[in-house]
Amino acid sequence: MEDLSYLSCPNPAQLRYKSINEVLHERTMEFPDKEIVIQRLVGGGRRSLTYRELLNRSTGVAKYLISRGIMPGDSVAIIGPNSIEWIIGEFAIFLTGAVAVPINKTSESVPEKIKLLKASQSKAVLFDPESDEELMSEMDASFNSDEDKLDVLLLQKSALSFLPSLNDVTITTNETSIVLPRIQPESSAMIYTTSGSTGVPKMVEMTHLAIVNASYIAFLGTGGDRPSAKCYNDGLFTWIGGSPIFSILNGNARVFADIAIGLKKEKLMAVWNIIISEQCTNAIFFPHTVLDLIENQDAILKKGYKMYAIATGGQMINKHLSEVCGKLTENLFLEYGSTEAGIVSFTELKLGTDVGYVGPLFPGYEVKVIGDNDDTLTRGHLGEILIKSLFMLKSYRNAYKLNEECFTDGGWFRTGDIGIITMEGRLFVKGKSTDVIKRGGVTVLVSHVETAMIELPEVREIVVLAVPDVRLFEEICACVVLEVDSNITEVELDRKCRMTLGDNVLGSAPSYLLRFDVFPRLRNGKSDKVLIKKLAMERLKLD
């Protein structure tokens with residue numbers, strides 16, 4: 001009898017029945033003066049926090065919030081750029097027993113921010129407008145509306161507002177006596193909003209228990225397979241892969257830079273200089289940043305510094321990324337996961353790594369592949385990937401219908417990914433279940449086209465889209481960013497595509513090829529597919 005498409009990795013570790021707050025106290029007792037987060041500034045400056053400083057400052061802010069009426073279970077939003085103050089504010093929210101709701105400062109429009117505040121039922125907001133006068137004005141109007149009046153505490157003092165800031169918080173005699181609540185581990189700790197790369201952010205609710213016990217804590221904390229390392233990661237704090245929580249709970253130092261440094265290609269050497277000066281052994285980078293490293297490797301190699309590991313993931317991976325191995329880093333790791341599921345697995349990316357293979361599971365995860373009738377398929381058959389783990393989301397906040405659609409009997413979560421478990425028990429991810437283009441009578445997997453095209457040496461990045469067609473209803477459009485030194489013509493690129501994918505009638509070759517100098521990106525570094533499609537439609541003059 002054939003084996004079913006099911007994998008599991010038992011968790012040998014004993015469950016820690018603790019909240020984030022309890023682990024923070026434990027770490028502070030163990031290493032009170034350990035520098036745990038380091039912020040590097042645009043002008044070359046440096047700021048840091050020790051465990052003792054983090055606990056003391058966040059405790060003061062927590063007592064202030066409680067004096068303003070914040071109670072366990074309330075939602076408190078936090079909006080602003082990556083900063084030391086953000087980290088203090090976020091842990092202050094945890095200490096009150098409230099649920100932290102991180103919201104991107106720039107990715108979402110003001111109406112979208114307000115929509116998320118309402119949907120999460122936030123009672124207060126920790127906010128840093130920086131020097132954005134228009135943003136401060138629009139948000140201030142929302143904060144003070146009679147319908148949705150919110151308590152607001154600025155993360156940093158601002159000349160744009162008379163609102164109190166973290167630095168203004170002083171504890172009165174009465175507030176000093178406030179006792180912070182004991183938080184149950186099953187309580188909700190965080191509501192992450194998904195990246196919005198498809199245009200529809202969702203609110204992902206995570207518990208203290210799930211975050212504290214996640215078997216991938218060390219991987220996200222260090223960006224590698226070692227239990228401790230000094231890691232550079234300038235991913236947004238609003239994104240699970242950029243959250244400072246994991247390094248703080250894991251006990252390893254996290255280095256991050258102002259966003260004006262970290263995500264800009266022209267600042268790449270500044271980032272590498274920070275890595276050298278802080279002696280970071282590991283880093284977490286987006287795939288496009290790894291490509292930037294390869295492009296500038298001659299200048300980087302002159303610095304004479306090599307890291308132990310770089311971790312990446314989150315989108316279609318170009319096998320050429322492995323060129324950094326042995327030169328800029330000893331190891332390159334590819335992670336597989338999502339905001340909802342956490343980090344499910346990782347694999348070491350080498351030149352011969354099979355495309356789509358995501359590596360062995362982290363302890364505490366189960367995976368199965370199901371067919372159209374929700375039955376588990378036998379191995380070797382393509383289907384939808386489902387995941388079950390203590391470390392995944394509790395639910396989508398205030399989204400009954402979405403929860404009904406995404407959870408099946410037995411607590412399995414529908415990832416929306418399609419994949420296959422081979423006869424040897426290896427998990428391959430082939431794409432999203434929604435990424436299917438129906439061109440006339442032919443069904444084409446977006447991932448199939450993207451995987452084939454990313455293998456072409458001339459292609460640096462690829463996004464494949466469905467665009468409308470009067471006759472066939474849908475057509476295939478491939479948007480590409482070519483390698484810097486590539487002189488390939490559109491005719492030659494089309495010929496190479498057809499050699500691999502067949503024609504554009506019964507095969508999977510795209511009918512449209514559009515070249516981009518760069519792809520627009522979301523603030524978390526992923527390609528902004530919504531905007532790319534809009535630009536493609538404009539260039540093709542399609543309604």
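The following legends describe close-up views of a predicted model.

**View 1. The eight-stranded open sheet.** Eight strands form an open sheet with mixed pairing, in the order β3-β2-β11-β10-β12-β13-β14-β15. Strands β3 (46-50) and β15 stand at the edges; each has a single partner strand, so one side of each is left without a neighbour in the sheet. On average, neighbouring strands of this sheet are turned by 20° against each other, direction ignored. Strands of a sheet pair through backbone hydrogen bonds, which may be parallel or antiparallel in arrangement.

View 2. Strand β14 (residues 329-338) runs antiparallel to β15, and six bridges join the two.

**View 3. The parallel pair β10 and β11, with helix α11.** Strand β10 (residues 231-233) and strand β11 (residues 254-257) run parallel and are joined by two bridges. C231 stands opposite R254 in β11. Helix α11 (residues 268-277) lies across both of these strands and also across β2 (35-40) and β13 (307-313). The helix runs at about 155° to β10.

**View 4. Packing of helices α1 and α2.** Helix α1 (residues 20-30) and helix α2 (residues 51-67) have axes that come within 8 Å and cross at roughly 135°. That angle makes α1 oblique to α2. The crossing of α1 past α2 is left-handed. On the α1 side the contact involves L24, H25, R27 and T28, which meet Y51, R52, L54 and L55 in α2. By class, this contact has four nonpolar, two polar and two charged residues.

**View 5. Packing of helices α15 and α16.** Helix α15 (residues 446-454) packs with helix α16 (residues 490-501) at an angle of about 120°, and the axes are 10 Å apart. That makes α15 oblique to α16. Their crossing is right-handed. From α15, the residues H448, V449, A452 and M453 make the contact, and from α16, C497, T500 and L501. Sorted by class, the contact of α15 with α16 has five nonpolar, two polar and no charged residues.

View 6. S508 is found in the loop between α16 and β26 (512-515). Its relative accessibility is 12%, and S508 therefore counts as buried, the cut-off being under 20%. Not counting residues up to four places away in sequence, S508 touches R439, V444, H448, V449, I476, L501 and D503. Among them, H448 and V449 of α15 and L501 of α16 also take part in the contact between these helices. P244 is 264 residues from S508 in sequence, and the C-alpha atoms of the two are 42 Å apart in space.

Technical notes
Residues numbered from 1 in each chain as written. Predicted model: local features only at pLDDT ≥ 70, side-chain atom pairs only at ≥ 80, totals over all residues. Heavy atoms only, no water. Pairing = 2+ DSSP bridges. Helix = DSSP H or I, 4+ residues; strand = E, 2+ residues; numbered from the N terminus. Axes fitted to C-alpha atoms, helices over the stretch in contact; angles between N-to-C directions. Contact = heavy atoms within 4.5 Å. Parallel < 35°, antiparallel > 145°, perpendicular 65-115°, else oblique. Left-handed = near helix turned anticlockwise from the far one by under 90°. Nonpolar A, V, L, I, M, F, W, Y, C, P; charged D, E, K, R; others polar. Buried < 20%, exposed > 50% of the residue type's maximum accessible area, 1.4 Å probe, protein only.
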